[in-house]
Every structure is written in structure tokens, then in C-alpha cells.
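This report describes the fold of one protein and the surroundings of selected parts of it. The sequence and structure are shown first.

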Amino acid sequence: MAKKAGQLGAVTGSDADTLMAAAWLHDVGYAAALAEEGFHPLDGARWLRRIGYDPRVTARVAHHSCAAIEAELRGLADELLAEFPWEESAVSDALRYFDLTTGPEGERMTVDGAAGGDQIAVRATDLNRWFDDVRAAAGHALASLA
Ligand SMILES: [Fe+2]
């Protein structure tokens with residue numbers, strides 16, 4: 001995913017640096033040592049904040065791939081939005097697009113493939129309980145790219 005982010009010409013300057021950092025770090029919250037809520041966007045962003053990482057990158061990690069929708073379903077939306085600002089920007093759009101079109105081994109996927117559930121189903125193996133929530137969030141993310 002970070003490799004794709006480096007190839008995007010539409011995001012330049014400090015935005016490109018933010019995108020690249022967020023692409024590398026977006027799933028850091030899956031690390032067992034960082035688990036607090038069991039919701040990896042929030043767990044990862046809180047850890048980045050604790051170590052003093054750039055606030056904009058930290059917020060992009062918190063909100064990657066429409067995390068607010070899943071946060072709402074988990075009862076964590078107020079915390080997420082209070083702690084980390086949402087940003088409507090090319091950086092957010094690019095991060096969402098790259099996340100949804102990159103498989104778990106870094107393989108390239110089409111948006112149609114992700115919409116068909118391949119990407120979502122693979123990720124949901126770790127989140128069986130939250131499968132419907134992830135699908136709803138991903139469906140919203142994909143619709144926003146149309
Ligand atoms: Fe993620």
C-alpha cells in the first residue's frame with residue numbers, strides 16, 4: 001500500500017509525506033501490544049499520539065477507510081471523533097482507495113474485487129464478529145469513490 005502511495009502524483013508536498021506515513025502506519029493498531037479497545041484504527045492512533053507522532057498522520061490512521069462507521073457500530077464514534085479530527089481531503093481519499101485495493105499480502109486488487117467481498121472477506125477472518133460492520137464501512141468507502 002505504501003508503494004502505491006509513493007506513486008500518486010495528485011498528492012504532493014507535505015500531503016505526500018502525510019499520505020506515505022499514514023499508508024505505512026494505518027494498520028499498526030493490529031499489533032497485540034497496542035490493543036486497548038480492540039478497534040485497530042483507534043488503538044493505532046492512540047499509540048501514535050502517545051509517542052508524539054505527527055497529529056495529522058495520527059488522525060488519518062484513526063479514520064482510515066471510513067473507520068467512523070465501524071466506530072459508531074462499536075459505540076466508539078464519540079471517542080474517535082473527539083480525539084482525532086476527520087479530514088475530507090485528497091490524502092484521505094487516496095488512503096482509502098489504496099487500503100481497499102491492496103490485499104493482505106500487498107497484492108493489487110481492483111475496486112470491483114473489493115466490492116465483491118474478496119478483500120473484505122479476507123480481512124474479516126480476523127474480525128468474524130465484526131464482519132457486517134466492516135462490510136458496511138467498506139461499502140460506504142467504496143461508494144464514496146464512485
Ligand atoms: Fe485497517
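Two residues are in contact if their C-beta atoms, placed from the backbone, lie within 7 Å. Helices (H or I, at least four residues) and strands (E, at least two) are DSSP runs, numbered from the N terminus. The model is predicted: local features need pLDDT of at least 70, side-chain atom pairs count only at pLDDT 80 or more, and totals for chains, interfaces and linings use all residues. Residues are numbered from 1 along each chain as its sequence is written.

The protein has ten helices and zero strands. Of its contacts with a separation of 6 or more, 52% are between residues 24 or more positions apart. Buried residues (20 or more other C-beta atoms within 10 Å of their own; exposed means 12 or fewer, partly exposed in between; C-beta atoms placed from the backbone) make up 36% of the 146 residues.

Helix α3 (residues 40-50) is largely enclosed by the rest of the structure, because eight of its eleven residues are buried. These are H40, P41, L42, D43, G44, A45, W47 and L48.

Just after α3, G52 adopts a positive phi of about 85 degrees.

A94 lies in helix α7 (residues 90-100). A94 counts as buried because it has 22 C-beta neighbours inside 10 Å. In sequence, A94 and H64 are 30 residues apart, and their C-alpha atoms are 10.0 Å apart in space.
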